[in-house]
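Subject: Structure handover

Hello,

Here is the structure I said I would pass on. Please look through it first; my notes follow below.

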Amino acid sequence: MESTWPPGRECASALAGGGCGVCPAKPELGGKPTDQEKAAYAQSGHYRDGEFQNLVPTTLMTGDGSMFGSLWRFVFGKTPHAAPDGPLPTQQLDSLSITRKTPEMVRVTWFGHSASLVEIAGKNILLDPMLSVKMGPLSLVTPKRYNSSLAITAEQLPPVDAVLISHDHYDHLDYKTIVKLRTKVAHFYVPLGVGAHLRRWGVEAARIQELDWNDSVQLPGLTIISTPARHFSGRGLTNRNSTSWSSWVLKTPTKRVFYSGDGGYGPHFQQIGQQYGPFNLALMECGQYDKQWAQIHMLPEQTVQAALDVQARVLLPVHWGAFTEAHHAWNESVTRATAEATRLHLPITTPQLGQPITLDAGPLPQARWWE
């Protein structure tokens, strides 16, 4: 990578973390991989000189602006309709309903941004469970959630079979949520290096498994596979790309679900589709994009193309509806993605926050509630 400075939303979050760099007691910063772990990461083929690499050359800052200019614009700039006028419509999720399922059922509930619950093979799988209202160790300079409450809290969730983390940025790996969940999660499956954060936060090492790209784990009736993404990592100014990043495949004998994690468009999507597709549903990053960081976040039209590349039968756009972390209107991403999906004849579902969708159980939600 040509740059180690984080753009946009990650810029403010990293400064928040970096500003606490002299405060080793600040737990939100997470932990550090051991020297022995770093030596093992070198065997992955995408870890060099202490940093993880993407499959293709990737520049964090693209465009004509400077790194500090992007930060200044993010913190102090004004974007029309950057946030909704009030709380977004939310359906409260009944924790008892989560326990009522069959092994054949696939049900997905999106909580805003990328946090989602996937019920598959009779199991509860949490994706990037950022279930806090405030983000990072210094909320003054990081985005605040549109809604003051979520469809369900971490405390209200029933036992969780697995938590999957895409990367260690504050809006995907949330310290407060992990602390609340750590006693009710059977396993945490994470990219290389992310286990150090969880260990520092009190998660037992025996319940953490780091996966390299294309590594898999087998649960009864369910295969979980770590697949490539095109992004970057770090929770401060001194640990850029010290941990890896992933997308995820969930596969049963009859159903397949894909989660893109964060990242820019690239050839990996087509490779994932050829190797693991087709997918009944793809949860795809859709939001927080800018020409200044065009290679590590997708434009909405690229989101739709990526869904087609992985051979998704239905697209569920995520990574929006919770925080303002880029210089576009809060609902622009879903508006553009819906238009592009319609143009390319790709089915798309747009549930409200907390509204469960069940595959093969009738029409999926398509109301334009964000307008």
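A polar contact, as used here, is a pair of N or O atoms within 3.5 Å; within protein, one must be able to donate a hydrogen and the other to accept it, and residues adjacent in sequence count only if both atoms are side-chain atoms. With that in mind, take Thr58: its side chain reaches the backbone oxygen of Val56 at 2.9 Å. The side chain of Thr58 also makes a polar contact of 2.9 Å with the side chain of Arg230. Thr58 sits in the loop between β2 (51–52) and α3 (67–76). Helices (H or I, at least four residues) and strands (E, at least two) are DSSP runs, numbered from the N terminus. Thr58 counts as buried because its relative accessible area is 4%; buried means under 20% relative accessible area, exposed over 50%, and partly exposed in between (1.4 Å probe, protein chains only).

Some ground rules. This is a predicted model, in which local features need pLDDT of at least 70 and side-chain atom pairs count only at pLDDT 80 or more, while totals for chains, interfaces and linings use all residues. Residues are numbered from 1 along each chain as its sequence is written, and side-chain values use heavy atoms, with hydrogens and water left out.

Confidence and overall make-up

The pLDDT, which is the predictor's confidence in each residue from 0 to 100, averages 91 over the chain, and 89% of the residues score at least 70. Residues 1–6 stay under 50, and the model gives them 25 contacts beyond four places in sequence. The pLDDT is also below 50 over residues 11–23, a stretch with 35 contacts beyond near neighbours in sequence. Contact means heavy atoms within 4.5 Å.

The chain has 371 residues, of which 61% count as buried. It contains nine helices and 15 strands. Of the contacts between residues at least 6 apart in sequence, 71% join residues at least 24 apart.

The seven-stranded sheet

Seven strands form an open sheet with mixed pairing, in the order β8-β7-β6-β5-β4-β3-β15. At its edges are β8 (208–211) and β15 (357–358), each of which pairs on one side only. Two strands pair if DSSP finds at least two bridges between them.

Inside this sheet, β4 (residues 116–120) and β5 (residues 123–127) are antiparallel and share five bridges, with Leu117 opposite Leu126. β5 then runs parallel to β6, joined by three bridges, and Leu127 has Leu164 of β6 as its bridge partner. In β6 (residues 160–164), four of the five residues are buried. The pairing of β6 with β7 (residues 185–191) is parallel, over four bridges, and places Val163 opposite Phe188. Between these two strands comes helix α5 (residues 175–181), and the three make a right-handed β-α-β unit. Right-handed here means that, with the strands pointing away from the viewer, the path from the first strand over the helix to the second runs clockwise.

β10, β11 and β12

Strand β10 (residues 222–227) is antiparallel to β11, with five bridges. The next pairing, of β11 with β12 (residues 256–259), is antiparallel over four bridges, and these two form a hairpin with four residues between them. Four of the five residues of β11 (residues 247–251) are buried.

Nonpolar cores

A nonpolar core is a set of buried Ala, Val, Leu, Ile, Met, Phe, Trp, Tyr and Cys residues joined through side-chain atoms within 4.5 Å. The largest has 35 residues, and those touching the most other members are Ile125, Tyr189, Ile224, Leu250 and Leu283. Beyond four places in sequence, the contacts of Tyr189 include Leu164, Leu211, Ile224 and Trp248. Another core lies apart from the largest one; it has 26 residues, including Phe111, Leu131, Val163 and Val203.

In helix α8 (residues 300–309), the buried residues are Pro300, Thr303, Val304, Ala306, Ala307 and Asp309. Among the elements covering them are α7 (268–276), β13 (281–285), β14 and α9. Just after α8, Gln311 takes a positive phi of about 65°.

His319 is in the loop between β14 (315–318) and α9 (332–343). It counts as buried because its relative accessibility is 0%. The side chains of His319 and Asp262 make a polar contact at 3.1 Å.

Regards
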